[in-house]
Amino acid sequence: MTAEMHRPPILSVRNLTTSFRTDGGWKSVVRDVSFDVRAGETLAIVGESGSGKSVTSLSIMRLLAENASRIEGEVILNNRNLLALSEKDMRAVRGNEVSMIFQEPMTSLNPIFTIGRQISEVLTRHKGMTTREARAETIRMLEKVRIPNATSRFDEYPHQFSGGMRQRVMIAMALASRPKLLIADEPTTALDVTIQGQILDLIKTLQEEEGMSVLFITHDMGVVAEIADRTVVMYRGDAVEAGDTADIFHRGQHPYTRALLSAVPKLGSMQGEAAPLRFPVVDTATGITIAPPPAKAPLGHRQPILEVKNLVTRFPVRSGLFSRQTGAIHAVENVSFDLRQGETLSLVGESGCGKSTTGRSIMRLIEPTSGEIQLDGYNVQRLGSMDLQRMRKSIQMIFQDPFSSLNPRMTVGQAIAEPFLKHKLGGSKEAAEKTAYLLDRVGLSGAMMNRYPHEFSGGQRQRIAIARALSLDPKVIVADESVSALDVSIKAQVCNLLLDLQESLDLAFLFISHDMAVVERVSHRVAVMYLGEIVEIGPRAAVFENPQHPYTKKLIAAVPVPDPARRGIRRGLADDELKSPVRPVGFEPPARQYREVSAGHLVQMA
Amino acid sequence: MTAIAQTPIVEKAEGSRAWKKLRNSRSALAGMTIILFFTILAMAAPILPIPDPVATSWSAIRKAPSAAHWLGTDDLGRDILSRMIWGARASLMAGVFSVIIAVAIGVPFGILAGYFGGWVDLVISRITEALLAMPFLIMAIALAAFLGPSLSNAMIAIGLSAMPIFVRLTRGQVLSVKTEDYVEGARSVGLGHMDIMLRYILPNVTAPIIVQATLTVATAIIAEASLSFLGLGQQPPAASWGSMLNVAKNFLSQAPWMAMWPGIAIFLVVIGFNLLGDGLRDALDPREH
């Protein structure tokens, strides 16, 4: 550590101020930010959306549209001020001295060229290699980022790679020119948690092997704790705090840093708690923490409001000239569980595990293939279309993306009142009253009902979506990744709101999420899904403190924990990919046996 | 639909917001002014102090613009200004009504195809493709010949020929809007197909349709001209800009003004509709400020 302190900085950012042109002049989005990245170290810039962290990295690379932005200050790389270079000289810096990887691996590769060609191009352009040399070097790079069978995959196209493998390709491309500095802008945010663990390990390993510096931009305090030597916290365009990662975590001074850290769900923080616990609230201005109210006593024995037995949902895969069915996606396979009033059951798993399909099948937004669903006295499977619409009074859904879950052409008031009026629960006067009440209830104001969704922030929109779901007084709410897209502090607030509502309205939540830390916080019971099946289900404490199934263990181990003491850890995760649930026609999965570990804690036997 | 319209929640109709935004757009206002100018001119034709548009004069054949004939005369000695004003009726009507026909048929079919998918989509899309395979003008000519020569039949023919474009466009838009969470959300609160199509799909696909419609008005004005030339549209001696232009092309070197005025008028009206369309697209989108 001390040795690192004396190393000269590779990159020095001095008084960086970036402004964008708006109707009325220039609006600064990054103000007076200064930091150094030293040789061989990892500096993290952490902040929520709108904090200016990505704009900072784009300013360093000068990737912002020139006529619409203005960058002031100094960005010194190897004694040269990048802001003073010509565009031509800058091109020689990008991808050569400084490389960048982005958040979205699915769109950052050109789909019409093979990945080999895309990486070789960097080498032939910046290093003047011949095509043959470049090919050999590219294969070496692909091996370096641990892509299995690198030689044979050289000539494959991006669509033949999974998200995690594409991010490896992106990293290989970024490292091909042996840059001194790698800028990683949320490189793991779009990835599943086990894949995220692999990529973080990979970046750490490569950093050691190559001795490069990393500027890591993220919103995830867990990732920061794991990867960064030093951290800069950004808030609304200002760098509010900078220092050693451990100092920031343990002795953070700025109220915002403290607020951010207290809002981060921490896996393992719920040991010994009997029931879901609200997040503590920290005032971002004063830094005063308001402790959450103590957890309620655990639920007594209650009748299930939702019972699912042997639910199966498969989607046909068709191909060929006559669209013959060639296989099926076994999205949900033989899933059974029940949900009691006032209880939260979480379905956790990674993308493609069938957790969302399960939620949609229960509401019959997707037709299940077979199985039995009892909801509040309805036999959901057998309902005709009129009864189905009536049934939907009992079960409502909250979606992930608050930006696409509200009709942009309807006012908030219309959106909330619509289900109420449609189901003829009252006249227009009652609807207006109810809407105002619900908006107050979710922490907004009844006066906002004439506004359109675009006038609200993401967190506020999610509150509106919750208000809408509540307008029918449902008994069960399916929350499909409902807090995943929100910033940490907003996420904590919305989770608290959901817990408040559950307590006062006795709601049952089917909480679908990939975020283990949030799940641990809000659930009574947890079901872990893998390839369409529940592999482990039980009370939250049992599943998290005594995981039995190997997949559950792997999932828990992969979650980044916001504790800087884990800076050095390597998970040693195998570099495998998520398996596909596509099966040939006629495939019948083997009958599964479950073993009971403790009361209500069931684990699938291999 | 009706229930929600009665709620006090919707006091501030979207229309007034859109109108306010439209008024603030200078280009949209310019477009509207142009269209309004020609529309008023066309409507006022019977009361304006202009010569009879069909009165021929052998002594004033192909005269250049002068005090007696402000815009000159044509090959039969008819006053071009008068014919321009009367012709505006035919051209504007042909443009607007045929697009109304095309939109009124095309958009609902497009929504049905996109929303329901499956065999509904299969049938509608195959028929649309078959219609699109025929060149627009050829189809309009065939339909107009089948229906019989008159201005209203020409409008129907042009409308039907332009319709497949709207089916295709709408279907594509619906396919992308359909995947938005709010459509699934509408299902999950128990709304029926009709509600979803009218209140969730339609309002969110209108923007490109409006733009396409304004462009098609321009195409339709020109198509009407072609049909008139073949004797299938506006019947002589009554005037339309298209038929004037078609006659004028035989005298381009001797009497360029004959072609110039209808050309400028078509150009202006087309620009007007385009400016208005762009403005409408922005104004109708609550996300844009």
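Me: In which kind of crossing, left-handed or right-handed, does H14(A) pass H16(A)?

Reply: A crossing is left-handed if the near helix is turned anticlockwise from the far one by less than a right angle, and right-handed if clockwise. Here H14(A) passes H16(A) in a right-handed crossing. Please note that this is a predicted model, in which local features need pLDDT of at least 70 and side-chain atom pairs count only at pLDDT 80 or more, while totals for chains, interfaces and linings use all residues. Residues are numbered from 1 along each chain as its sequence is written, and chains are lettered from A and ligands numbered from 1 in the order in which they are written.

Me: What do the labels H and S stand for?

Reply: Helices (H or I, at least four residues) and strands (E, at least two) are DSSP runs, numbered from the N terminus.

Me: Which residues of H14(A) and H16(A) meet?

Reply: Two residues are in contact if their C-beta atoms, placed from the backbone, lie within 7 Å. From H14(A) come Val412(A), Ala415(A), Ile416(A) and Pro419(A), and they meet Ile464(A), Ala467(A) and Arg468(A) of H16(A). By class this contact has six nonpolar residues, no polar ones and one charged. Ala, Val, Leu, Ile, Met, Phe, Trp, Tyr, Cys and Pro count as nonpolar, Asp, Glu, Lys and Arg as charged, and the others, Gly among them, as polar.

Me: What is the order of the open sheet of eight strands in chain A?

Reply: Strands of a sheet pair through backbone hydrogen bonds, either parallel or antiparallel; two strands pair if DSSP finds at least two bridges between them. The order here is S18-S19-S20-S15-S21-S22-S25-S24, with mixed pairing. S18 (395–398) and S24 (594–598) of chain A stand at the edges with a single partner strand each, so one side of each has no neighbour in the sheet. On average, neighbouring strands are turned by 20° against each other, direction ignored. Helix H20 (550–558) of chain A packs on this sheet, touching S21 and S22, and its direction makes about 100° with that of S21(A).

Me: How many helices and how many strands does chain B have?

Reply: Chain B comes to 11 helices and zero strands. Its C-alpha atoms fill a box of roughly 75 × 45 × 30 Å along the principal axes. Of its 289 residues, 44% are buried (20 or more other C-beta atoms within 10 Å of the residue's own, C-beta atoms being placed from the backbone; exposed means 12 or fewer, and partly exposed lies in between). Val54(B), in the loop between H3 (26–44) and H4 (80–116) of chain B, has 15 C-beta neighbours inside 10 Å and therefore counts as partly exposed.

Me: How many residues of chain B are in contact with chain A?

Reply: There are 23 from chain B, in contact with 33 residues of chain A. H1 (2–6), H8 (181–188) and H9 (193–229) of chain B each give two or more residues to this side, and the largest share, six residues, comes from H8(B). By class, this side of chain B has 11 nonpolar, six polar and six charged residues.

Conventions:
Axes fitted to C-alpha atoms, helices over the stretch in contact; angles between N-to-C directions.
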